[in-house]
Amino acid sequence: MATRRNVLVMGVAAATALALAACGATADKNEGGSGNDGKPVSGLRIMVPNTPGGGYDTTARTAAKVMEDAKIATGVQVFNLPGAGGTVGLQRTVNEKGNGKLAMQMGLGVVGASYTSKSAATLTQTTPLAKLIEEAGAIVVPKDSPYKTINDLVAAWKANPKGIAVGGGSSPGGPDHLLPMQLAKTVGIDPKQVNFVSYDGGGELLPAVLGGKVAFGASGFGEFLDQVEAGQIRVLAVTSEAPIDALKDVPTLKSAGIDLVFTNWRGIVAPPGISDADKKVWIDVLTKMHDSEEWKAELKKRGWTDAFVTGDEFGTFLTEQDKAVADVLKQLGLA
């Protein structure tokens with residue numbers, strides 16, 4: 001049977017049937033603000049719209065560190081503004097119209113949350129800067145879980161869908177919600193029977209998994225690497241097409257006989273109405289970061305897939321994702 005790819009990257013496959021402070025700031029090229037004089041750019045801020053410790057937070061802080069280490073930018077500030085699946089941060093970004101020093105780390109989760117939270121602010125109002133990475137999902141359990149394999153878990157889940165709680169670090173409509181819903185449908189469980197518990201980012205999901213508040217978690221595998229290495233968490237399967245170097249002994253869903261592939265992504269947007277000069281500063285900084293050896297090393301270390309596109313190309317991608325996720329959520333009765 002042909003493989004059915006349920007991949008939420010470049011749109012959702014139809015076959016799934018699922019599913020701050022300163023305004024108007026501009027870069028000052030005379031003080032290293034534009035990077036055109038060879039000096040590191042200064043004064044940039046990256047907002048993370050959920051709690052510390054999650055995928056957005058890790059990505060933003062890694063990017064900022066690479067910018068500093070590669071002398072691309074200096075004094076990059078990363079700060080968290082959690083709430084409502086990322087839409088509190090999204091509203092702040094839209095409200096900061098014209099602020100060329102601010103950007104928001106985001107991804108598929110914010111796309112979905114903008115619908116399920118009925119956000120007045122939308123991603124289509126922002127200025128697209130760059131898509132950075134793609135990342136496979138993972139199905140994880142605590143070290144003392146009775147489920148030793150993904151098929152053990154699926155058998156128990158099918159026997160008692162409502163009694164097996166799954167946690168995700170995103171709101172309904174985000175990747176950590178769409179992944180278990182698609183997994184449920186693939187293995188023959190009605191998604192409406194799934195007992196999904198939403199957490200605001202991987203930083204909140206992790207203690208829920210470790211503490212047994214949920215039977216298993218579904219999120220980006222990079223969220224759990226430290227705990228996997230420490231022996232606190234076991235990864236039962238990853239959702240990529242091929243095995244992941246960072247988790248060499250972990251099977252893919254496909255290799256375990258479950259016909260599902262799922263990929264998440266993360267990018268960066270700026271407020272609406274920023275100047276062309278400020279947009280260019282951000283895209284130049286992100287491009288230099290992407291091209292650096294330091295960033296390439298981080299991609300390898302964290303198992304992230306390079307998915308770098310900028311500007312209008314990223315804007316087209318965002319528009320496609322917005323429509324695709326909206327269609328899925330309507331089918332699930334969530335939008």
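Helices are DSSP runs of H or I with at least four residues, numbered from the N terminus. The model shown in these views is predicted.

**View 1. The end of helix α9.** α9 covers residues 293–302. Glycine 303 follows α9. The phi angle of glycine 303 is positive, near 75°.

View 2. Trp295, Glu298 and Leu299 of α9 are buried. Seen down the axis of α9, the buried residues fall within an arc of 100°, so they line one face of the helix. An α-helix has 3.6 residues a turn, so residues three or four places apart point the same way. Which exposed residues sit on the face of α9 turned away from its buried side? They are Glu293, Lys300 and Lys301.

**View 3. A tilted pair of tryptophans.** A pair of aromatic rings is described by the distance of the centres and the angle of the planes. The model has five aromatic pairs. In one of them, the rings of tryptophan 295 and tryptophan 304 have centres 6.0 Å apart. Their planes stand at 45°, so the pair is tilted. Tryptophan 295 is buried, at 1% relative accessible area. Tryptophan 304 is also buried, at 8% relative accessibility.

**View 4. A stacked pair of phenylalanines.** Phenylalanine 314 and phenylalanine 317 form a stacked aromatic pair. Their ring centres are 6.3 Å apart, with 20° between the planes. Both belong to helix α10, residues 311–331. They are three residues apart, so about one helical turn separates them. Phenylalanine 314 is buried, with 0% relative accessibility. Phenylalanine 317 is buried too, with 3%. Which residues do ring pairs link into a cluster here? Trp265 joins Phe314 and Phe317.

**View 5. The largest pocket.** This pocket holds about 340 Å³ of space. It is lined by 19 residues. The closest to its centre are Gly222, Glu223, Leu225, Asp226 and Arg302. Which helix gives the most to the lining? α7 does, with four residues. α1, α6, α7 and α9 each supply at least two residues of the lining. By class, the lining has four nonpolar, eight polar and seven charged residues.

Conventions: Residues numbered from 1 in each chain as written. Predicted model: local features only at pLDDT ≥ 70, side-chain atom pairs only at ≥ 80, totals over all residues. Heavy atoms only, no water. 1 Å grid on protein atoms, 1.4 Å probe; cavity = no way out; pocket = protein on both sides within 12 Å on 5 of 7 lines; lining within 4 Å. Points joined across faces, edges and corners; volume = space filled by probe spheres on them. Nonpolar A, V, L, I, M, F, W, Y, C, P; charged D, E, K, R; others polar. Buried < 20%, exposed > 50% of the residue type's maximum accessible area, 1.4 Å probe, protein only. Arc of directions from axis to C-beta. Phe/Tyr/Trp six-rings, centres within 6.5 Å; stacked < 30°, edge-to-face > 60°.
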